[in-house]
Amino acid sequence: MHSESLESYIGQFPDFTQWKSTKRCDYFAFFVSDGLKQKIFTPKDILECFTELSLRPYSNIPDYLRRESIKRG
């Protein structure tokens with residue numbers, strides 16, 4: 001992961017650390033797919049974002065991503 005670019009991306013959102021973990025997952029997914037130009041990302045990629053920023057991760061990232069992908073069809 002590219003911690004400098006992740007920190008720059010998150011720096012655009014001053015209250016990011018106050019957001020719900022699910023909202024952070026959404027923004028990390030966008031960062032990985034758009035910022036890092038990865039067409040496919042995994043729950044591990046999202047977990048790495050939480051870890052790099054020393055944030056407590058969402059408890060079940062795989063399930064959250066599955067539910068969201070079903071909603072968005």
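Ser5, Leu6, Tyr9 and Ile10 of helix α1 meet Tyr27, Phe28, Phe30 and Phe31 of helix α2, contact meaning heavy atoms within 4.5 Å. By class, this contact of α1 with α2 has seven nonpolar residues, one polar and no charged. Ala, Val, Leu, Ile, Met, Phe, Trp, Tyr, Cys and Pro count as nonpolar, Asp, Glu, Lys and Arg as charged, and the others, including Gly, as polar.

The model is predicted: local features need pLDDT of at least 70 and side-chain atom pairs pLDDT 80 or more, while totals for chains, interfaces and linings use all residues. Numbering starts from 1 along each chain as its sequence is written, and side-chain values use heavy atoms, without hydrogens and water.

The helices discussed here are DSSP runs (H or I, at least four residues), numbered from the N terminus.

| Helix | Residues |
|---|---|
| α1 | 3-10 |
| α2 | 21-35 |
| α3 | 43-52 |
| α4 | 61-72 |

α1 and α2 pack at an angle of about 130°, with their axes 11 Å apart. Axes are lines fitted to C-alpha atoms over the stretch in contact, and angles run from 0 to 180 degrees between N-to-C directions. The two helices are therefore oblique to each other; angles under 35 degrees count as roughly parallel, over 145 as roughly antiparallel, 65 to 115 as roughly perpendicular and the rest as oblique.

In α3, Asp45, Ile46, Cys49 and Phe50 are buried (under 20% relative accessible area, with exposed over 50% and partly exposed in between; 1.4 Å probe, protein chains only). What covers these buried residues includes α1, α2 and α4. The face of α3 turned away from its buried side carries exposed Lys44 and Thr51. After α3 comes Ser54, with a positive phi near 55°.
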